[in-house]
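I opened this structure to see how the chain is put together. My notes follow.

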Amino acid sequence: MQSAKYIVDTLLRAMGVSAISTISKPPDDSPDTQLIEITGEDSGLLIGRRGETLRVMQFMMNLLLSRDPEQPDGRVMLDVEQYRHRRTQVLKGLALRVADRVGSSGRAFTLEPMSAAERRAIHVALTDHPRVVTQSVGEGEDRKVMVMPRTGEPLPRIRPNRNRRRNPNRAPQGGAGG
């Protein structure tokens with residue numbers, strides 16, 4: 001864990017950010033996950049838009065750690081000023097509001113595209129909801145959560161439409177042979 005903290009401190013210095021890192025216990029008590037909390041004057045810069053900078057820093061840190069043969073298996077999570085916790089609470093509130101709306105209208109609602117961690121927060125928040133079920137739809141960065149009324153029947157497997165109708169006036173996009 002000290003090597004993870006060293007990497008974070010090195011990244012902070014290289015970025016010229018005035019912040020400190022401390023090793024903390026993860027909120028969900030995952031035995032194979034370690035948490036490094038970052039606090040300081042420039043902490044907002046480390047979060048970025050919707051946590052994107054924080055996600056990239058965490059990815060880079062875990063990539064560097066995975067190359068160290070002496071590093072124990074497991075994942076290291078970064079958090080800045082408890083951003084992840086606050087964001088999870090906001091997503092839970094959103095999930096419950098959407099669930100109420102779907103439950104009363106009987107019509108499905110699709111949320112905006114989210115990261116895997118944010119989609120997971122929505123799914124977890126509504127796992128035991130009596131009136132709705134959730135399902136992730138789409139691909140890549142366009143992946144979203146759909147909240148649907150609970151019908152008692154198994155959910156159909158929703159797959160992206162790969163055979164979209166092409167505009168005959170549009171030239172083909174790249175690829176071999178044309």
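Before anything else, I noted how strands are paired here: two strands pair if DSSP finds at least two bridges between them. Helices (H or I, at least four residues) and strands (E, at least two) are DSSP runs, numbered from the N terminus.

I also noted that this is a predicted model, where local features need pLDDT of at least 70 and side-chain atom pairs count only at pLDDT 80 or more, while totals for chains, interfaces and linings use all residues. Residues are numbered from 1 along each chain as its sequence is written, and side-chain values use heavy atoms, with hydrogens and water left out.

**Entry 1: the hairpin.** I looked up Val133 and found it opposite Met148 in β6. Strand β5 (residues 132–137) runs antiparallel to β6, and six bridges join them. The two form a hairpin with six residues between them. In its turn, Gly138 has a positive phi of about 95°. β6 (residues 144–149) is also joined to β4 (residues 109–110), by two bridges and again antiparallel. There I found Thr110 with Met146 as its bridge partner.

**Entry 2: the open sheet.** Which strands form the open sheet, and in what order? I read the order as β1-β2-β3, with mixed pairing. β1 (20–24) and β3 (75–80) are at the edges with a single partner strand each, so one side of each has no neighbour in the sheet. β1 pairs with β2 (residues 33–39) in the antiparallel sense, over five bridges. I checked Ser21, and its bridge partner in β2 is Ile38. Helix α3 (residues 52–66) packs on this sheet and touches β2 and β3. Contact means heavy atoms within 4.5 Å.

**Entry 3: the largest pocket.** I recorded a volume of about 1300 Å³. A pocket is an open set of points on a 1 Å grid over the protein atoms alone, where a 1.4 Å probe fits, with protein on both sides within 12 Å along at least five of seven lines; lining residues have an atom within 4 Å of a point. The volume is the space filled by probe spheres set on the points. Of the 35 lining residues, the closest to the centre are Arg84, Thr88, Ser115, Ala117 and Glu118. α4 gives the largest share of the lining, eight residues.

**Entry 4: the whole chain.** I counted five helices and six strands.

Notes: Axes fitted to C-alpha atoms, helices over the stretch in contact; angles between N-to-C directions.
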